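Please look through the following model with attention to its sheet, to the helices packed on and beside it, and to the surroundings of its ligand.

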Amino acid sequence: MQSRPLYCTSRGKAYVGDSLELLAELTDNSIDLVITSPPFALRRQKTYGNVAETEYVQWIKPFGQEVFRILKESGSFVLDLGGAYRSGMPSRSLYNFRVLLAFCDEIGFHLAQDFYWFNPARLPSPIEWVNKRKIRVKDSVNTVWWFSKTNFPKANVTKVLASYSDRMKKLIEDPESFYKPKKRPSGHDISACFGKDNGGAIPSNLLSIPNTDSNSSYLRLCKELGLECHPARFPSELPAFFIKMLTDEGDIVLDIFGGSNTTGFTAEALKRQWLTFEMNHEYLVSSALRFLEWHSSAAVKQIIVDLGDSYANFFIGETVCELEPTRKAKSKGESLGQEELFPSGTNAR
Ligand SMILES: C[S@@+](CC[C@H](N)C(=O)[O-])C[C@H]1O[C@@H](n2cnc3c(N)ncnc32)[C@H](O)[C@@H]1O
């Protein structure tokens with residue numbers, strides 16, 4: 001790329017700028033996975049600005065066209081879109097479904113699969129319909145569209161196997177006392193192989209991940225330094241799931257609405273190369289804190305000053321990035337298998 005990044009690590013680069021302009025600097029067929037969460041069509045504006053639902057498809061389509069161009073044939077584009085209500089009425093906007101249709105019908109993406117991110121910790125809203133009048137339930141699910149350029153994008157579900165349920169563990173230990181091979185009423189023929197240990201259960205497309213980060217080093221350092229932390233971060237388990245399933249170590253992952261660079265941090269922890277584009281200079285400055293946990297506070301303060309220049313090209317170097325479940329297990333002295341990256345219940349079975 002011609003632009004100079006704000007900062008880089010040995011695996012990734014974070015750029016300040018409009019991602020439409022930055023995408024134009026990437027060559028065709030060069031990226032393995034784009035995963036992102038754009039500003040949603042919310043009625044209550046976030047500080048970074050949101051696009052009206054009626055103009056949303058028109059706004060996001062050029063980004064989709066550029067992503068289609070720069071993705072490899074084997075590549076995927078994962079787009080997280082929260083649901084929204086129409087202005088002043090208790091009926092839902094169809095904007096996330098309109099984006100899905102436009103990307104497939106007009107740009108040429110395939111819908112490899114639709115995913116649903118269930119956040120059990122989501123607060124009830126909008127207040128008028130949910131809390132006051134009590135005529136709508138809490139909305140706790142985002143649609144996550146997994147687009148691909150071809151019908152067969154690179155994908156390997158065995159890298160995201162979920163932990164077996166206790167019942168399944170018992171069945172594997174002693175299949176005969178638990179289970180007799182037979183045809184189910186649904187027509188599924190469940191054979192004796194059902195009790196085989198495959199290292200974990202196939203996850204479903206309902207990803208149950210609480211968004212409750214309140215004590216990460218990113219938040220702690222933002223607070224200590226008086227920097228604004230990003231108001232709409234997704235939890236690292238969300239990009240981790242797709243990065244693991246859709247890429248291999250060394251592949252390139254891009255987030256075009258990078259925010260606090262959760263995606264870059266997650267990709268770094270999973271040993272992928274990464275690129276992040278974010279329009280807001282301040283958000284990207286504080287995102288560097290994700291990679292500076294082991295630096296002295298004097299060094300961190302100096303780096304933050306250096307990042308005041310939008311094209312600082314600051315080299316952080318080798319980093320120690322650990323995803324939350326790994327970190328927690330380590331602090332308790334436990335070992336953690338690949339399938340246990342996601343805390344129990346994360347991948348609803
Ligand atoms: C929902 S937030 C992404 C949060 C991110 N997933 C995280 O975990 O921190 C969307 C971000 O897109 C940025 N943004 C909006 N329009 C942009 C554009 N044209 N180019 C680059 N970034 C943009 C906003 O500043 C905002 O930080």
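Which residue in E9 does Phe118 stand opposite? Phe118 stands opposite Ser208 in E9, and the description below places that pair in its sheet. The model is predicted, so local features are given only where pLDDT is at least 70 and side-chain atom pairs count only at pLDDT 80 or more, while totals for chains, interfaces and linings use all residues. Residues are numbered from 1 along each chain as its sequence is written.

Helices (H or I, at least four residues) and strands (E, at least two) are DSSP runs, numbered from the N terminus. An open sheet of 10 strands, with mixed pairing, has the order E9-E5-E6-E4-E3-E10-E11-E2-E1-E12, where two strands pair if DSSP finds at least two bridges between them. Strand E9 (206-208) and strand E12 (314-317) stand at the edges with a single partner strand each, so one side of each is left without a neighbour in the sheet. From one strand to the next the twist averages 20°; for this and the other angles, axes are lines fitted to C-alpha atoms, for helices over the stretch in contact, and angles run from 0 to 180 degrees between N-to-C directions.

The pairing of E5 with E9 is parallel and has 3 bridges, whereas E5 and strand E6 (residues 141-148) pair in the antiparallel sense over 8 bridges, with Val144 in E6 as the bridge partner of Phe115. Strand E1 (residues 7-9) and strand E2 (residues 12-16) run antiparallel and are joined by 2 bridges, and the partner of Cys8 in E2 is Lys13.

Helix H2 (residues 56-70) packs on the sheet, where H2 touches strand E3 (31-36) and strand E4 (71-82) and its direction makes about 150° with that of E4; residues are in contact here if their C-beta atoms, placed from the backbone, lie within 7 Å. H8 lies across E3, E4, strand E5 (110-118), E9 and strand E10 (252-255), and runs at about 160° to E3.

The axes of H2 and helix H3 (residues 95-107) are 10 Å apart and meet at an angle of about 45°. H2 and H3 are therefore oblique to each other, a class that holds the angles left over when those under 35 degrees count as roughly parallel, over 145 as roughly antiparallel and 65 to 115 as roughly perpendicular. Residues of H2 including Tyr56, Ile60 and Phe68 meet residues of H3, among them Tyr95, Val99 and Ile107.

The axes of helix H8 (residues 237-246) and helix H9 (residues 262-269) come within 9 Å and cross at roughly 50°, which makes H8 oblique to H9. In this contact Pro239, Ala240 and Ile243 of H8 meet Thr262, Thr263, Thr266 and Ala267 of H9.

The ligand is surrounded by 20 residues, of which the closest are Phe257, Gly259, Ser260, Thr262 and Met279; a residue is near a molecule if its C-beta atom, placed from the backbone, lies within 6 Å of it. Helix H1 (19-23) and strand E11 (273-278) are the elements that give two or more residues to this shell.

Two backbone details lie in loops. The peptide bond from Ser125 to Pro126 is cis, with omega near 0°, and Pro126 is found between E5 and helix H4 (127-132). Asn29, in the loop between H1 and E3, has a phi near 50°, a positive value in a residue other than glycine.

Technical notes
Contact = placed C-beta atoms within 7 Å.
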